[in-house]
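Please look through the structure shown here with the briefing that accompanies it, taking one topic at a time.

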Amino acid sequence: MRYDADMIRFVGAIDQGTTSTRFILFTREGLIHASAQKEHRQILPRPGWVEHDALEIWRNTCEVMTGCLSRAGVSASELAAIGITNQRETCVLWEARSGQPVHHAIVWQDTRTDARVAEYAASGGIDRFRARTGLPLASYFSALKLQWLLDEVPQARARAERGELKFGTLDSWLTWNLTGGAQGGAHVTDVSNASRTQLMSLARLDWDEQLLAEFRIPRAVLPRIVSSSEVQAPCTQPLPGVPVSGLLGDQQAALVGQACLAPGEAKNTYGTGCFLLMNTGDTPVASRAGLITTVAYRFEREPARYALEGSIAISGALVQWLRDNLRLIGASAEIESLAAQAPDNGDVYFVPAFSGLYAPYWRPDARGAIVGLTRFAAREHIARAALEATAYQTRDVLEAMRQDAGLPMSELRVDGGMTGNELLMQFQADLLDVLVIRPRVRETTALGAAYAAGLAVGFWKDIAEIRHNWREDRRWLPRMAPAERERLYARWRKAVEKSMDWV
C-alpha cells in the first residue's frame, strides 16, 4: 500500500481509446484535476481492415502522462497509483526481447477474420463457444485476430510456441511497457479484458485449454490473468515508482465510473461505438437474446462481478463519417443544430451497419443503409436520422436485456462524448421510456480505471466512497406518446431488415 494522505493527492488514469489516448488526474472526490490527450492514426490498408501502430500509441501514452503532470505542476510522487482502461478487443503481438510489434495492432472493428468466423460457425453455429465464453463467434473478439497473426506473419507461430512473442490487448501492451518492458515488464491482463478474447472460461476465470486447442493458440504467448484492482508492479517509465494497480476494459470501466455496482444498474456509453452494460452480480447470466455475457470487474480477491452487454459498432463514428466522407457538416458538434432544423426524421432511417450489425443481431452480412428517402428528404433529415440511429440501436439492446435479465430498470446512466447532444438524449429517453441521467463527471471510463487503481492502494477505502462521489448533472424525462414511440420503433426494425443479406 502506497497511500499517504499528507503527500499523495491524485490517481492517474490512462484512457487508451480507439482514436486517442488520454491521461487524467482524479482527486479523492472523483473530480478531474488535469488531463492531456493525443490522437493516433487510423490505418486502413484494405476495405474492412482497421489497424493501429502500437508503438505510436505507446509514445503517445508517455507524452500525455508527462505532459499532463507538467502542465498541472504535479510530480509523480503525488500520485497514489495508475489505472489503465483500453479499447478491449484490439490486440498486439510483439517480440519479448526487443518490444517491437511484429505487425500493426488489429482493431476491434476489423473484419478480416469474417471467413474464419464462417468456418468455425459451419460446425456448431455462431453460439458454438457461448456457454464457456459468453460470446458468439464474431470477428469482433480477439481469438481469431491472434490466430490470423500467428498464421499470416512469417515465423510467428513457431516463435510464439518458443516463447519469443507476447500477445495482449492494449492493457497488456501498456502495462508491460510501463513496468519495464523487455527488462522484466509485467505481462498481465485483467479478467474484464480476458473475457473479450473468447479464450477465457467465464466459470474459472482462466485460459481454457480446449478453447486454446480449438483456436490453435499456444498458451506461452498469453498474459497472466489478474484482478481488475490489484497492484501489478511499479512504473519504471515515464513515472518511476508509481504502481500500476488498475486494469479494466473501457466499457467495464465506465460501469464502475458510473457507480453501477449492484445488480440491475446499467449504463450506456456513447463513443465511437455504443455500449450498454447491466450489472448482473456475481453470477453470469446466459443470454438468449443476442447479448454478450462478460466479466464486469473483479476487485482483488473478491468474487468477480458479471454483466450483460449490448455492443453497437457505430454511433459517434457515424457522425464522423457524415463529417469526413460526405462532408455534410464541418465539425461533429454541428450535427445537433442541423438535425434540429427538422421537426422529425421525415420518415428517413439510417442503419449504420458499416461493419455488419452487432448486438443483438450479430449479422456480418448487413451493410449500411439509408431508407425511406423521398424528394422531401433534406440534409437535416439525414442528420437527424443519423443521430436517432444511436437511440434506436440502444433500444434494440435494451429490449434484449430486459428479456435476458428479468431485472427492472427505471433509469439509464449515460456517458461519453455524444451525451452533450441534448436532442439525442431527449430522443433516447422518449424511445426507451426511462429516465436518462448524465453524471457531473462525463469521463467515466477513465474514472472507473482510477477507482480500480485507487481501491487497490487504499486511496479510496471501499465502493461506498465511489457511490458517494457520483453526482448527477442533467436528466431527461420521457415525454413521447406511447403510440408514436412504437410506430417509430416498428419503422426502424423494418429498416434494419433492409440492411441484411447484402454480403
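What follows treats a sheet, its central strands, a helix and some aromatic rings. The model is a predicted one, and residues are numbered from 1 along each chain as its sequence is written.

**The open sheet**

- An open sheet is formed by 7 strands, which follow one another in the order β17-β18-β16-β15-β21-β22-β23, and the pairing among them is mixed.
- At the edges of this sheet lie β17 (292-297) and β23 (472-476), each of which pairs on one side only.
- From one strand to the next, the twist of the sheet averages 30 degrees.
- Helix α13 (residues 422-432) packs on the sheet, where it touches β15 (266-270), β21, β22 and β23, and its direction makes about 60 degrees with that of β23.
- Strand β21 (residues 411-415) pairs with strand β22 (residues 435-439) in the parallel sense over 3 bridges, and in this pairing E411 stands opposite L435 in β22.

- With β21, strand β15 pairs in the parallel sense over 3 bridges.

- In helix α2 (114-121), the buried residues are R116, V117, Y120 and A121.
- These residues cover an arc of only 135 degrees around the axis, which puts them on the same side of α2.
- An α-helix has 3.6 residues a turn, so residues three or four places apart point the same way.
- The buried residues of α2 pack against α4 (142-152) and α8, whereas the face of α2 turned away from its buried side carries the exposed residues A115 and E119.

**Aromatic rings**

- A pair of aromatic rings is described by the distance of the centres and the angle of the planes.
- The count of aromatic pairs comes to 21.
- In one of these pairs, the rings of F129 and F215 have their centres 5.1 Å apart and their planes at 50 degrees, so the pair is tilted.
- This pair links distant parts of the chain, 86 residues apart, with F129 in the loop between α2 and α3 (130-133) and F215 in helix α8 (residues 209-215), and both F129 and F215 are buried.
- The rings of Y349 and Y392 also form a tilted pair, because their centres are 5.8 Å apart and their planes stand at 45 degrees.
- Here Y349 belongs to strand β19 (residues 349-351) and Y392 to helix α12 (residues 379-405), so that the pair links distant parts of the chain, 43 residues apart; Y349 and Y392 are buried.
- One aromatic cluster is formed by W108, Y140, F141, F275, Y358 and W362.

**A charge over two rings**

- Residue R112 lies over the face of W49, at 3.8 Å from the ring centre.
- The charged end of R112 also sits over the ring of W148, 4.6 Å from the centre of that ring.

Note on methods:
This is a predicted model: local features need pLDDT of at least 70, side-chain atom pairs count only at pLDDT 80 or more; totals for chains, interfaces and linings use all residues. Side-chain values use heavy atoms; hydrogens and water are left out. Two strands pair if DSSP finds at least two bridges between them. Helices (H or I, at least four residues) and strands (E, at least two) are DSSP runs, numbered from the N terminus. Axes are lines fitted to C-alpha atoms, for helices over the stretch in contact, and angles run from 0 to 180 degrees between N-to-C directions. Contact means heavy atoms within 4.5 Å. Rings of Phe, Tyr and Trp (its six-membered ring) pair if their centres lie within 6.5 Å; planes under 30 degrees apart count as stacked, over 60 as edge-to-face and the rest as tilted. Buried means under 20% relative accessible area, exposed over 50%, partly exposed in between (1.4 Å probe, protein chains only). A charge sits over a ring if NZ of Lys or CZ of Arg is within 6 Å of the ring centre and within 35 degrees of the ring normal. The arc is that of the directions from the helix axis to the C-beta atoms.
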